[in-house]
Protein chains: 2
Amino acid sequence: MAPVMRRIAILGSTGSIGRSTLSVAESYPERFQIVALAAGRNLEAAFEQARRWRPHLLSIVSEADAEVLRARFKQAGLNGVEVVCGAAGTVQVATHAEADFVVSAIVGVAGLEATYEAVKAGKIVGVANKECLVAAGELITAEARRQGKPLLPIDSEHNAVHQCLRGGRMEEVERIWLTASGGPFLNTPRSEFASITVEQALNHPTWKMGKRITIDSATLMNKGFEVIEACRLFHISPAKVEVLVHPQSTVHSMVEFVDGSILAQFSVTDMRLPILYALTYPERIQSDMRFPVGNLRHLDFSPPDMDKFPCLRLAYEAVEAGGAKAVALNAADEIAVAAFLEGSVGFDDIPRIIEDAVSASNSGKLQSIAKVLEADAEARRYAQERVLRVTNKTFRPRATSVV
Amino acid sequence: MAPVMRRIAILGSTGSIGRSTLSVAESYPERFQIVALAAGRNLEAAFEQARRWRPHLLSIVSEADAEVLRARFKQAGLNGVEVVCGAAGTVQVATHAEADFVVSAIVGVAGLEATYEAVKAGKIVGVANKECLVAAGELITAEARRQGKPLLPIDSEHNAVHQCLRGGRMEEVERIWLTASGGPFLNTPRSEFASITVEQALNHPTWKMGKRITIDSATLMNKGFEVIEACRLFHISPAKVEVLVHPQSTVHSMVEFVDGSILAQFSVTDMRLPILYALTYPERIQSDMRFPVGNLRHLDFSPPDMDKFPCLRLAYEAVEAGGAKAVALNAADEIAVAAFLEGSVGFDDIPRIIEDAVSASNSGKLQSIAKVLEADAEARRYAQERVLRVTNKTFRPRATSVV
């Protein structure tokens, strides 16, 4: 049987997940074809990707960049690549008629609309964008169910859960156990949290990642987001999603079944593995990403400390409360982390800012992506003001605050 | 949907696995009905099981015991229980028309023929009898394939593998990793092996089991048998089955897939769990056998030392060579362990006796259960003589040796 050829569109092709996806595609030319790319602001990378992959469609952020690319493509004889731009261009990539699989890897709420449109267009979507599930998970998963198409998680934890879930039916799941590295402050006393520096917080023990997600790992907010993502992806109540600290980040997550059996997944810590899994599901194909099982020595686990890491507790509360609460959680976290990274607020201010923003948000159900984006903007404004109060700058009333 | 009612026959109902099976059946009366029992030599236990479960058929070892039971059943008003005996009686239980699931849990080669007949009669068979797979695995699994019925492993390791295999297809399996507690002599220097006492060897760190299997765990021969069982059950070459020492016996086994993902299964160490899994497969049902995942702390692993534990190496060699080699491995081990338990040979004589018996056996394919039993008897005679030589008793030529 000839392998199924996946025709892939990537939202966020010049980011980390986008580049890893292209690296996977590179290894299996008989399996994967790149039909459309939505790049970020890195013009040079976008040009090189187009030259290498010859997609039918390339979208870039600004119209000016699009013009430059069109000229360069013409010069390079790349006639088959149509260049579009902006949010509309991203949606064109996400819904490209030739694509059957869309990798959603644009960071932030910018990827929301295009991802939703991809699902609505009946594409199989591999989700690496956190906001798709944290902020708009109910809308996106409901649409995927309507389409009868899978949403495949491209992150190590949910991908692990997806694999373990193959050992039974959803009704047979007792609990999902997400593992957490615990971040760099697992053993730091709470009393020292106020004086944690940016440099310390950026020093993640097991994964090398972007700055925001590294800080989110240090506060355990990232694990909180993952709890919400698990609830959305697997249609399970937060009471059935637990977190277990596992400093080696070897076991990526586990599923406990009603009969008392637990299945756990582990592998090397390489994002290409969950990407490959999603791109080939329900098949598995040979890779060179071998975990040396024979060299396995020690795996350590401990329960998370929700008092020391209130962000995790806030995530449970937000998903329980519903509505815009999870949207606010994500939006306020982005603002608070940015403020911490620029030195405006302390490490222990992050959960305080988020808690206030979540409290101020609504719990009514959000009926559309537009409503999600409104709630997101509202929470950002609120969090920004809250940051300003911490930094003792002049308090500015909400109506005139700057996002 | 009403649950499927399993109608169960148990071969070895008064043994440990048999009693655990009845304990599982007791917990789910709406799921399981006991239709036939083949008991061992414990007359009282057989009587009580018949009174409690009212099977259509009960088989007991001797004709004399059968007579006693018939009289007692009559006296107790148990008119519906037919009593049979001997090997023929066991086969009657294994092929009982009312049974759809047969638990094969008679220890030793005594269970071979009845298990084979159960498979041939189209029953789903749960295999707890080691010899079924070590000595007659090729015949029994070939017959199960012909019947299109599953052979479900009732032991923690292969049951774990069976669960992990649900995460992919057999062609996608890179390796099976069987975990081993390492037994009580994991950290004992090789130089002390000659002076190991029976008492020390019977002191297994994690599982409470019968004497032979406890010694087999101390020599790692039990893990060797499990390697062979895995090859048979999952139709995989020994080169793809590895052993990893894991002293806590928490992770019961693992499967590594070609893409680099590894799935591991863990649970409480309670035989009722694999029994329940087999009895309800492909469903899972709620049990009270909860592993406290939140209390998980440390899991340790290390590679096995095949020089210190030559039995494991012998098992790999026997299954590679094929034919009667695995039969001889099992038969000679039973003789050698019995000799060790009665103080006739030393702990380090066990692998020597087995190695010689395996060398003396044939590697031609065994075409029937009768041929397996012949090879078994031959290997026992050989091993018995070999024991006698160790104990410095008068050497008796093979033709007149006593089994």
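**Second cavity, lining by class**

I sorted the lining of the second largest cavity and got 5 nonpolar, 7 polar and 1 charged residues. My classes: Ala, Val, Leu, Ile, Met, Phe, Trp, Tyr, Cys and Pro are nonpolar, Asp, Glu, Lys and Arg are charged, and the others, Gly among them, are polar. This is a predicted model, where local features need pLDDT of at least 70 and side-chain atom pairs count only at pLDDT 80 or more, while totals for chains, interfaces and linings use all residues. Residues are numbered from 1 along each chain as its sequence is written, chains are lettered from A and ligands numbered from 1 in the order in which they are written, and side-chain values use heavy atoms, leaving out hydrogens and water.

Of the 13 lining residues, I noted B:Ser156, B:His252, B:Gln265, B:Ser267 and B:Pro274 as nearest the centre. A cavity here is a set of points on a 1 Å grid over the protein atoms alone where a 1.4 Å probe fits but cannot get out, and lining residues have an atom within 4 Å of a point. H8 of chain B gives the most to this lining, with 4 residues. Helices (H or I, at least four residues) and strands (E, at least two) are DSSP runs, numbered from the N terminus. The space comes to about 50 Å³; a volume is what probe spheres set on the points fill, with points joined across faces, edges and corners.

**Largest cavity**

I searched the whole structure and got 2 cavities of 30 Å³ or more. The largest holds about 70 Å³. Its lining is 12 nonpolar residues, with no polar and no charged ones. Both chains take part: A:Phe266 and B:Phe266 are among the lining residues. Strands S10 (251–257) and S11 (262–266) of chain A, and S10 (251–257) and S11 (262–266) of chain B, each give two or more residues.

**Where the chains meet**

Next I looked at the interface. I found 45 residues of chain B in contact (heavy atoms within 4.5 Å) with 45 residues of chain A. About 3800 Å² is buried between them, 50% of it from carbon and sulfur atoms; that is accessible area (1.4 Å probe) lost when two parts are put together, summed over both. B:Asp259, B:Ile262 and B:Arg284 supply 18% of what chain B buries against chain A, more than any other three residues.

How many salt bridges cross the interface of chain B and chain A? I got 6, counting a side-chain nitrogen of Lys or Arg within 4 Å of a carboxyl oxygen of Asp or Glu. I also checked A:Glu256 and B:Arg290, whose side chains form a salt bridge at 3.0 Å, N to O.

Methods. On a 1 Å grid over the protein atoms alone, a cavity is a set of points where a 1.4 Å probe fits but cannot get out, and a pocket is an open set with protein on both sides within 12 Å along at least five of seven lines; lining residues have an atom within 4 Å of a point.
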